[in-house]
Amino acid sequence: MPNGHKDKAQAKRKAPVKPKTPVKPKTPVKPKTPVRNKRQRQRESEEDQGFIESGGEGFIQSEEEGFTQSGNEKKRLKPELKPNIDSEVLDESEVDVTESVGAQKIVKSSGSAKLGDPYQIDQDNRLNEYDTQSKKYKEHPWSKFHEMTTDLSPDYVKFAKNHLLGKPTSEGKKIDKINPRALSAISASLESCADKLVTELRSEDDVKIDLGANSKYGRILQRSVQAIRDKYGLLIDYVAEVQKDDQARNGLNSVKLRHPTQKWEDNKNNNNKIREEAKNAAIYLMSTNPVMQPTISRVAQNQHRESSNSAIIEAYASAICSDEGDIKLIKSLAEARLRYSPITYGSDIHLAVNKAAPSETEEWGLFNTLIHEALHSVQHPNFISFLDEHVPPGLQDYIKEGIVDYLTSQIWSDVLSEAPAKSSNRNSPSQDFNKPMQINNDAKKKYPEHYYAYDKQVETVKLLINKLKEDGEKRLISAYFGGNLGAFLPKLKDTEEEKI
Ligand SMILES: [Zn+2]
């Protein structure tokens, strides 16, 4: 893949900071759905307390593992990578992101299907690349990528369901009756998780710290966007041109950092929003928080033997956040959600920061984190609709994080290969944009090539990729950037099967 950080070199021409933006369509369409993605804050807070998201192990092979995994997480550190204050948006126009791909610039945006110089889209919507040797256009390997077939073999579907749902072919019995004992057990665990999290989150964000485009944090974000474009920019542009849908591309081009405190302040008196976010928080914590896992497993064992974890999570999150729910718990959950960091809603990356300047090693951690977060901003709109329609709510975050973190690792591996470790003369992500980055040894150790913030989730994604053999990776990329999620994931809700 094209990548690079070579471009950095070329990028030098301009002012230090901004990458340039590709084409931005005039209307900045931002996705309005707050896609919530959060990444591992857990890495930071980890310890036993919880917030490490270990992930859905519950789903995936439920029983045995409880949360064993925190072990690993710990090693992964807790960098404190958090950024700061509210940001002003990077002004997109100056962010020249585009250019990187393949070193040449691509897109020219206009409305029709055209890309820049070496690339061209023909009448059949194939992507062609100019070959300087033969002096002809040749079909690019990504051609028609977004149209990859959604046929999945029955064997694969069975395998995927088994791994994702923890039961051979079903998400289990729907829960129509809430069990009071289960409700109080889950509520108590959630309350303790949420309260702890809120306390921690409040202390992590200092609104006075600048998160603007030219701040250290803003510069690291620009690097992240550039790294994404270096790897997948051509595909993103191609899909946008062919599908005539700029939403994903614009999402990436307009990313900016904000303080999560701001989000909480803006919404804390909005009751509808509070309930909605509380439910999101409840689902998220139950699906990814190791401290919640034993409670969910117990409920599955004692009260809802016929149902899957994801069905339990959905039912109890709804009950807890309903009108009859305990308002104190609802508020605490909502605050945890709204103050959560890092998390991305559309193009707004909410990053808690309480340090004016991160250390060099922390910068690398942030760089990795922001690649992950910025990737959330570029998800194809169909990606979310597929999840909503075909995947149980309790499993959506799990899948989303696994896919995004997997893609992050693909990008990260390119970043590292272009940033040799040096003990002196280093160039960290926020530093000189005109020189190649050079990583320090400490950062390289902490964020190695196979660094994952979401281990378990990524493991699942890798299993699926491997099972699909050589097509696996292509299908995943087609799903995420092209919106073709059915090429990678089977439908996990039972509706169709049950109707038969
Ligand atoms: Zn995420």
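Predicted model: local features only at pLDDT ≥ 70, side-chain atom pairs only at ≥ 80, totals over all residues.
Residues are numbered from 1 along each chain as its sequence is written.

The chain contains 19 helices and seven strands, these being DSSP runs numbered from the N terminus (helices, H or I, at least four residues; strands, E, at least two). Of the 500 residues in the chain, 56% are buried; a residue is termed buried if 20 or more other C-beta atoms, placed from the backbone, lie within 10 Å of its own, exposed if 12 or fewer do, and partly exposed in between. Contacts are defined by C-beta atoms, placed from the backbone, that lie within 7 Å. Among contacts between residues at least 6 apart in sequence, 82% join residues at least 24 apart.

The largest nonpolar core comprises 115 residues, where a nonpolar core is a set of buried Ala, Val, Leu, Ile, Met, Phe, Trp, Tyr and Cys residues joined through C-beta atoms within 7 Å. Ile-228, Leu-235, Ala-282 and Ala-374 have the most contacts inside this core. Helix H6 (residues 216-243) supplies the largest share of the core, 14 residues. Leaving aside neighbours within four places in sequence, Ala-282 is in contact with Leu-190, Ala-317, Ile-320, Cys-321 and Leu-333.

Leu-190 is also one of the buried residues of H5. The 25 residues of H5 should span 36 Å at 1.5 Å a residue, and the separation of 36 Å between the end C-alpha atoms agrees with this value; the expected span is 1.5 Å times one less than the number of residues. Other buried positions of H5 include Ala-182, Ile-186, Ser-189, Cys-193 and Glu-204. The cover over the buried residues of H5 includes helix H9 (271-288), H10, helix H11 (309-320) and helix H12 (327-338). The axes of H5 (residues 180-204) and H10 (residues 293-302) come within 10 Å and cross at roughly 175°. Axes are lines fitted to C-alpha atoms, for helices over the stretch in contact, and angles between N-to-C directions run from 0 to 180 degrees. H5 and H10 are therefore roughly antiparallel to each other (angles under 35 degrees count as roughly parallel, over 145 as roughly antiparallel, 65 to 115 as roughly perpendicular and the rest as oblique). At this contact, Ala-182, Ala-185, Ile-186 and Ser-189 of H5 meet Thr-295, Arg-298 and Val-299 of H10. The contact residues divide into four nonpolar, two polar and one charged; Ala, Val, Leu, Ile, Met, Phe, Trp, Tyr, Cys and Pro count as nonpolar, Asp, Glu, Lys and Arg as charged, and the others, Gly among them, as polar.

Tyr-398, Glu-401, Gly-402, Ile-403, Asp-405 and Tyr-406 in H15 meet Gln-457, Val-458, Thr-460, Val-461 and Lys-462 in H17. Helix H15 also contains Trp-412, which is buried, with 24 other C-beta atoms within 10 Å. Not counting residues up to four places away in sequence, Trp-412 touches Asn-368, Ile-371, Glu-449 and Tyr-451. The C-alpha atoms of Trp-412 and Ser-224 are separated by 9.7 Å, although these residues lie 188 residues apart along the chain.

Helix H18 (residues 472-482) is mostly covered, eight of its eleven residues being buried. The buried residues of H18 pack against H6, helix H14 (381-390), helix H15 (393-417) and helix H17 (455-467). Gly-483, which follows H18, has a positive phi near 80°.

Most residues other than glycine have a negative phi, and most peptide bonds are trans. Lys-135, in the loop between strand S3 (127-131) and strand S4 (136-139), has a positive phi near 60°. Asn-425, in the loop between H15 and helix H16 (441-446), has a positive phi of about 55°. Lys-135 counts as exposed, with 7 C-beta neighbours inside 10 Å, and Asn-425 counts as exposed with 7 such neighbours inside 10 Å. A cis peptide bond, with omega about -10°, joins Ser-341 and Pro-342; Pro-342 is placed in the loop between H12 and strand S6 (343-345).

Note on methods: Contact = placed C-beta atoms within 7 Å.
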